Amino acid sequence: MTDRPHIHGEPSEELFDLVDRLCAGDLDDAGRQRLEQLLNASEQARLFYAEYVGMHADLHWRMRAGIMPAIPAETASASGTYALDTPVAGRIGSSTSKSAWRRWAIAAAVALVAGVTLVAQFNRGPVASDTELAAPPTPIATLTDAVDAVWDDAQAPTTADVGTSLDAGRMALRSGRAQMLLGRGAVITVVGPADWQMTDDNTCTLRHGKLLAYVPHSAAGFTLHTPGMKIVDRGTRFGVIVDENGKSEVHVLEGRVDVDAGDDRRASLHAGQAIDDRTGDKLNEGFADGARFADITASGDQVLASFKFDDAGSIRTLGGGQPTIDADSLTQPLVRSSAGSLRLGGTTGVTNAFVDLDVSRSGPFAAAGYIAGNGRIGATGTTLYISWLSRFELHPGGGLGSVGLSLFDAGDDLAANEPLFVGKASALQQLSHARTPDGDVVIDADPSTPEIDAIDAMTDRATHLWVVRIDFRSGNDRIQLYLDPAEGDPGHVSPNAVIESADLTFDRLRFAANAGNGAVYDEVRIGTTWRAVVPGR
Amino acid sequence: MDKHHHQQFAERFVTGSNRVFRYILTLVPNRDDAEEIFQQTALTLWKRWEEYDPQRDFVRWACGIAHNHVRNFIRTAYQQRQGARVYLSEDVMQRVAETSLNAADTLEERRTALRHCLAKLQDSQREMIELAYAGEQKLNEIAEQHGMTPNALYKTLRRLRRSLYDCIRQSVTAGEPA
């Protein structure tokens, strides 16, 4: 750190005045001539000029990029930029819930992405049930996880391997647990001893045992029968326990379900409510007890936050102005949009918008264990997924400003609070960035080839699905970015970028479209698994 | 095609682009002009990546190309606009360019300090800088929004730049080994 030239004395007021007027675009010809004289005469004056106008340039760059430019190349080049994902096989095999979920996701990917159909044979015993319907000829579900599962011989899939396709029919577990992904997207986890039946791609019957259902938007209307109840899901997560006597209790953990117990005994339950038919003729109401399902929920698909932009309610803007909600939503094959989307930049006058995440102790991120010691999202050892849709409408004059989504931490300040930016960085038309304060990473359009392929997503004015997976680790986190991924597990497709130059926490999201560029954002989801944020077809 | 080379080039391009932009804007302190030149420079760099020697300092190489674009730009601008903007003469520009390149490390350090100095501003001051430099609105519109005259905003921005400059200088000097 020697030989660094810097000014020891104050610049003269005259020099300061001339240089500042030059920056402000307010220097006349006489002023320019005088400035040239001063600059010609002294290296010190030139250095002041380089520092002052350099600061002016850095301010421009920073505001255009939306974040502070990156630190020197030496650090960024060590960021593991283009490394492909670790082979999936190397990460399977432990009995932790995480790896179980990985197996689940892999299985889903095998079934859904590769189109592999493994037809399972069932050894069906005699079933005396009025709920058994004619089985459709095609598989209706996939076995997505099995942990210490001991199957009842008469009611087991012939192949109990994860990934096996399941026909309609009865199943029974003596112990352990199993998880199934139904055709419409509902995920049920059953803990043995249990006896249940899947009747079609969105309907089940639980005779006894414990079952937890996660029902994404695509599977709303999922119906679960118990001996005494019909439970219709309205897009939620709920658990059901049926005892040996066929009595049921329902616990709603998220969203809403409708319960029909016959004889005009109906109830609509919201998150936090429970109901049972164990005593008397009436339904007994109570409070949902999530702890009863803790053995399952620890690894479930959970959407922890979502923003659909049907209205401007939760959006804050930087620098004033009302956010613009377009009536049209963005559409993408894997993500179903609701009405409305967030429009920024262009002629809207609003270029930066924020949404805050609930990081309170009673909030969803805390409940799922994502809150770090500093009170924000990013607890070491957790994995989080974020997805969103965007369409960039770059300014025809060049589209120099940045467009993209950022994570912000503990403030809205562009200089101090932005640990991650994903999108089209300023001035770069073809290349896009994932950017952290400690390094930039190029997003590679086609990670299957060794070179960096230019990305059309920035300029094609089409809607794209982005998915970011963050593995919060001790030390720098691992961030994987997927652009328009296929359905299924991220381990099966190469990420378009891998970033390992940031150790981040965050508590809000920022959407940006700067310097005349326009952008539309929609369907932002933050969840615990790939499937939670990319519900699929 | 040497894919590793291409990758190396892409990395250096991305990480060095802010310095190339700064270099250009130092020679042509108007933002719109600088952006136009930067865009042209970026295109040229991408067309010529195969010529890039990884042993060389990328930023210096890129700034050399940028400098040619600056010269062409100013020549054309004078022809078309006849002095509508004030640019430094070519020999002064050359000397400033050398100073700027030689001080590259210091300027990088100052950029890091700028970030901290911005964070020290009051929220309203920082917002004003952000609005002015975001380039979305004209200064008189920003002034109107803040109930100021354009002249008052002009003076405020000047004061803010000055205090940022002072803060950076203090911060860089303080970090200096004795």
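The legends below describe close-up views of a predicted model. Residues are numbered from 1 along each chain as its sequence is written, and chains are lettered from A in the order in which they are written. Local features need pLDDT of at least 70 and side-chain atom pairs count only at pLDDT 80 or more, while totals for chains, interfaces and linings use all residues; side-chain values use heavy atoms, without hydrogens and water.

**View 1. Strand β9 of chain A and its antiparallel partners β8 and β12**. Strands here are DSSP runs of E with at least two residues, and helices are runs of H or I with at least four, both numbered from the N terminus. Two strands pair if DSSP finds at least two bridges between them. Strand β8(A), residues 237–242, is joined to β9(A) by six bridges, and A:Val240 has A:Val250 as its bridge partner. Five residues lie between the strands of this hairpin, and A:Gly246 takes a positive phi near 85 degrees. Strand β12(A), residues 273–276, pairs with β9(A) over three bridges; A:Asp276 in β12(A) stands opposite A:Glu249. Five of the seven residues of β9(A), residues 248–254, are buried, so the strand is largely enclosed by the rest of the structure. Buried means under 20% relative accessible area, exposed over 50%, and partly exposed in between (1.4 Å probe, protein chains only).

**View 2. The disulfide between B:Cys117 and B:Cys167**. A disulfide is a pair of cysteine sulfur atoms within 2.5 Å; the structure holds one over all chains. The S to S distance of B:Cys117 and B:Cys167 is 2.0 Å. The torsion about their S-S bond is about -85 degrees, so the disulfide is left-handed. The pair links distant parts of the chain, 50 residues apart: B:Cys117 belongs to helix α5(B), residues 104–120, and B:Cys167 to helix α8(B), residues 150–174. B:Cys117 is buried at 2% relative accessible area, and B:Cys167 is buried at 15%.

**View 3. The largest nonpolar core**. A nonpolar core is a set of buried Ala, Val, Leu, Ile, Met, Phe, Trp, Tyr and Cys residues joined through side-chain atoms within 4.5 Å. This core has 82 residues, and those with the most contacts inside it are A:Leu35, A:Tyr49, A:Leu59, B:Phe58, B:Ile129 and B:Leu164. Helix α3(B), residues 58–81, gives the largest share, eleven residues. Contact means heavy atoms within 4.5 Å. Not counting residues up to four places away in sequence, A:Leu59 touches B:Leu114, B:Leu118, B:Ile129, B:Tyr133 and B:Leu164.
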